[in-house]
Amino acid sequence: MDYIRWGDKEVSRVGFGTWVIGGNDWGLQSDSDSIDALREGMKLGFTHIDTAQAYGHGHAEELIGKVISKHREKLFIASKTVCRPPHKIEQAVQLSLKRMKIDYIDLYYIHWPSSRIEYAPVMEILQKLKRQGIIRAVGVCNFSVGQMIDCMRAGPIDVHQLCYSLLWRWPERDVLPYCKENRIITITYSTLAQGILTGKFPYDFVFDKADHRRSTVFFEPDVWPHVYHAVSEMQKVTQHEGVSLASLAVQWVLQKETVLSALAGARNPLQARQNVSLLDSKASDSALKQLTEISDDVMKHIPDSGNIFRYYP
Ligand SMILES: NC(=O)c1ccc[n+]([C@@H]2O[C@H](COP(=O)([O-])OP(=O)(O)OC[C@H]3O[C@@H](n4cnc5c(N)ncnc54)[C@H](OP(=O)(O)O)[C@@H]3O)[C@@H](O)[C@H]2O)c1
């Protein structure tokens, strides 16, 4: 694992994503697998843990609270809440602290923008919590440039968490350049394109009914054939390189300026072990360039739907 210094923490450049262990959106998930995955991941080198109130309505945070105590001081823990009035944000932060049994959160995000809430009071409360040391950095996720500009009138954004991968490059158009110009650190989610960039899905894969991936853009009938073809082409590069596709996909994202860390979800100890090793073998510039070319082609077939979920709160 590679690390990057942030304050007094060494933040792992691959972060452990905990959406799946919330248990409500990715099909069947057992708590024992989730706990074992977290323990294994932390033991082997993840220091960046990404969670949210929304992951299992607090369940992911509760599981984190069961396993982190002896690691807390070296962990960089990020959590999130939906955009809501300031007093509710304060309550949400307190509940997250309680569930995780900690007394500060390293990075706290607004999970999604909202057309119904004014951003200035939201940012003001986050800045107040930061001054009090209850949170140590302020983040937003999935915000457009316009929404970030609105927020920044009331205070600085430290981090923007966004979907970004070889299969989702729309943020290159304006969001990533804006973050770079304004010195906003970026952290990427769905870096493995929800598992697609491990190369494990056969063409006719069928998801469990309770798995939200059934409805993400990548698996739409007019998109999936192109995605599947691109992944097959990428795998030819990986075979030549002797590095896994997941590893190349994460390294491709991490080479971009401003990207501090790339999140990868893991639902069991095996995935945690594999993901903690994603940076062990370094990719050559030529392999990364070939991946970019394949990505350039497939992006012509991936609709600019705002986000991969077609979710517009
Ligand atoms: N801010 C936001 O709005 C937002 C949105 C999405 C995600 N996130 C954060 O980002 C994290 C990562 O994103 P993500 O979970 O959407 O997608 P991801 O990391 O691209 O994909 C995670 C899924 O891929 C599969 N996978 C992961 N590692 C694997 C391995 N080594 N071998 C085989 N399969 C593997 C697993 O699913 P299966 O085993 O079921 O295939 C896993 O649940 C989330 O957990 C969450 O913390 C934030």
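Biologist: Which residues come nearest to the ligand?

Modeller: In this predicted model, local features need pLDDT of at least 70 and side-chain atom pairs count only at pLDDT 80 or more, while totals for chains, interfaces and linings use all residues. Residues are numbered from 1 along each chain as its sequence is written. A residue is near a molecule if its C-beta atom, placed from the backbone, lies within 6 Å of it. Of the 28 residues around the ligand, the nearest are G17, Y189, L192, G195 and G265.

Biologist: Which elements give two or more residues to the shell around the ligand?

Modeller: Elements are DSSP runs numbered from the N terminus, with helices being H or I of at least four residues and strands E of at least two. Those that give two or more residues to the shell are α1 (19–22), β10 (259–265) and α10 (269–276).

Biologist: How many residues of each class does the shell around the ligand have?

Modeller: Ala, Val, Leu, Ile, Met, Phe, Trp, Tyr, Cys and Pro count as nonpolar, Asp, Glu, Lys and Arg as charged, and the others, Gly among them, as polar. On that basis the shell around the ligand has eleven nonpolar, 14 polar and three charged residues.

Biologist: Is P269 buried, partly exposed or exposed?

Modeller: P269 lies in helix α10. A residue is buried if 20 or more other C-beta atoms, placed from the backbone, lie within 10 Å of its own, exposed if 12 or fewer, and partly exposed in between. Because P269 has 19 C-beta neighbours inside 10 Å, P269 counts as partly exposed.

Biologist: Which residues does P269 touch, not counting those up to four places away in sequence?

Modeller: Contact requires C-beta atoms, placed from the backbone, within 7 Å. P269 and A37 are 232 residues apart in sequence, yet 3.9 Å apart in space, C-alpha to C-alpha. With residues up to four places away left out, P269 touches D36, A37 and E40.

Biologist: At what angle do the axes of α9 and α11 cross?

Modeller: Axes are lines fitted to C-alpha atoms, for helices over the stretch in contact, and angles run from 0 to 180 degrees between N-to-C directions. The axes of α9 (residues 245–254) and α11 (residues 285–298) come within 10 Å and cross at roughly 90°.

Biologist: Which residues meet where α9 contacts α11?

Modeller: By class, this contact has five nonpolar, one polar and no charged residues. L248, Q251 and W252 in α9 meet, in α11, A287, L288 and L291.

Methods
Contact = placed C-beta atoms within 7 Å.
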